[in-house]
Amino acid sequence: MGPTSMAANLERTEPAGFDLKPREIVEYLSRYIVGQEEAKRAVAIAIRNRWRRLQLSDKERAEVTPKNILMIGPTGVGKTEIARRLARLLNAPFLKIEATKFTEVGYVGRDVESIIRDLVEVAVGIVREEEIRRVEDEAQQRAENRLIDALLGTASGEFAERGTTSTSAREQMRDLLRRGVLEERRVQIRVSGTFPGGVHVFPLAGMEQLEMDLSNMLERILPKRPEVREVTVREARQIFLEEEREKLIDKNRISEEAVRRTEETGIVFLDELDKICATGRSGHGPDVSREGVQRDLLPLVEGTTVNTRHGPVRTDYILFIGAGAFHHAKPSDLMPELQGRFPIRVELSALTRDDFLRILREPESSIIRQYEMLLRTEDVELEFTDDALETIADIAYQVNQTSQNIGARRLHTVVERVLEEVSFHAPDLAGQRIRVDASYVRKQLEDIVKQEDLSHFVL
Ligand SMILES: Nc1ncnc2c1ncn2[C@@H]1O[C@H](COP(=O)(O)OP(=O)(O)OP(=O)(O)O)[C@@H](O)[C@H]1O
Ligand SMILES: [Mg+2]
């Protein structure tokens with residue numbers, strides 16, 4: 001397949017998983033997140049709208065900007081979890097970032113435009129994967145040929161000297177390789193080598209653009225030193241394969257396609273948005289930097305162009321999903337312009353005791369299942385009875401009421417405590433089946449729950 005037909009192919013493909021229907025998205029999310037239907041539906045619709053928009057003509061499409069979403073709800077009820085699961089589901093460039101990363105306190109020399117740069121890198125990763133899959137067969141063939149050359153000692157002139165060995169010798173070697181009998185055999189290979197010393201330019205605050213340009217430039221002008229290494233056939237195959245993949249993929253096309261996908265399908269999840277609200281007394285101190293972050297974010301959300309190492313990226317059609325507890329600050333404490341950019345508001349509800357029970361029971365990777373898996377590695381079989389789960393849900397709910405309400409996170413601290421004993425002694429319990437019932441749960445937690453002070457610290 002020539003480079004042109006490859007590129008044409010690449011341009012036409014939409015990522016798999018991109019055309020998911022709202023119902024399918026909600027179904028997927030529900031495998032991990034209990035309740036919060038309103039938020040799940042809003043997110044699913046917004047994502048479907050990305051697909052719908054791409055079905056329009058260029059002219060129509062230009063008119064349709066995404067309706068950004070603001071998810072509001074108490075701590076520990078699933079806001080970030082929804083984002084995490086979406087990121088895995090969608091084969092679209094998706095980036096989750098805390099807005100607080102850009103306030104002075106958390107300042108590590110990042111400007112808000114780095115959000116878009118990171119998003120493009122995610123897109124590059126996705127497109128690169130697809131491109132590698134496309135060239136894989138060819139890369140494998142070439143790697144095998146180089147491996148044969150190396151084993152027959154004809155590698156010095158790359159493919160040039162191939163004619164000097166008889167076809168039958170090559171085919172015999174190929175056969176041996178494919179039968180896997182040479183894997184541990186050592187062989188000398190010539191590899192294209194790495195940059196001398198490894199180039200790295202340290203980022204300076206606010207100068208990421210410069211850093212980027214410098215690294216790019218250095219990568220281009222510094223010569224790569226070829227080197228000869230002695231490795232096993234197994235390693236040589238891997239090295240050749242990676243080199244051949246790199247040669248076969250079209251990097252410019254990847255950049256172009258990644259930029260296009262970022263612009264058309266990119267999603268940014270801005271977490272902790274409530275924490276960049278000014279809280280009352282404004283004028284100086286942290287409030288100034290928080291409002292500064294809002295002001296910096298505004299152009300991104302409104303639509304601007306950000307320079308990245310893969311080219312300029314327009315942010316007009318990127319979907320932003322904001323989330324925050326908004327305990328102390330209200331959405332109306334955000335700058336009006338920013339508020340206006342998040343027209344869809346969804347509230348996540350506080351979790352009930354029954355929700356807790358479902359969270360323990362239902363999700364595929366529930367904390368209970370995680371523990372069962374972990375202890376199975378020690379050959380310990382955990383068995384939770386129904387009343388044990390009910391008791392854990394009860395206690396978690398109760399502690400949330402009397403102490404601070406941290407939502408489902410409380411389940412983690414409670415379960416952690418219930419299993420502390422087993423977890424510690426597990427290596428000595430190999431081969432056993434541990435039954436965790438209500439009375440066991442109560443026994444492990446009794447002292448702590450009774451003393452409210454203590455539960456503050458321990459649970
Ligand atoms: N509705 C839910 N279903 C299943 N698990 C949940 C649910 N809500 C929270 N959890 C679990 O509780 C933990 C905390 O949830 P998450 O990180 O989503 O909280 P959050 O809403 O983002 O809170 P915060 O405002 O403090 O950031 C996660 O491990 C998550 O799996
Ligand atoms: Mg969160």
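**Close-up 1. Helix 5 and the shell around ligand 1.** In this predicted model, helix 5 (residues 79-89) gives three residues to the shell around ligand 1, the largest share. Helices are DSSP runs (H or I, at least four residues), numbered from the N terminus. In total, 18 residues surround ligand 1. Each has its C-beta atom, placed from the backbone, within 6 Å of the ligand. The closest are Thr75, Gly78, Thr80, Glu81 and Ala408. The shell holds seven nonpolar, eight polar and three charged residues. Here Ala, Val, Leu, Ile, Met, Phe, Trp, Tyr, Cys and Pro count as nonpolar, Asp, Glu, Lys and Arg as charged, and the others, Gly among them, as polar. Ligand 1 lies between domain 1 (17-123 + 259-347) and domain 3 (353-458), because both give residues to its shell. The domain bounds come from an automatic or database assignment.

Residues are numbered from 1 along each chain as its sequence is written; chains are lettered from A and ligands numbered from 1 in the order in which they are written. Local features need pLDDT of at least 70, and side-chain atom pairs count only at pLDDT 80 or more, while totals for chains, interfaces and linings use all residues.

**Close-up 2. Ser366 in its loop.** Ser366 sits in the loop between helix 13 (353-361) and helix 14 (367-376).

**Close-up 3. Ser366 and Ile33.** These two residues are 333 residues apart along the chain. Their C-alpha atoms are separated by 9.6 Å.

Notes: Helices (H or I, at least four residues) and strands (E, at least two) are DSSP runs, numbered from the N terminus.
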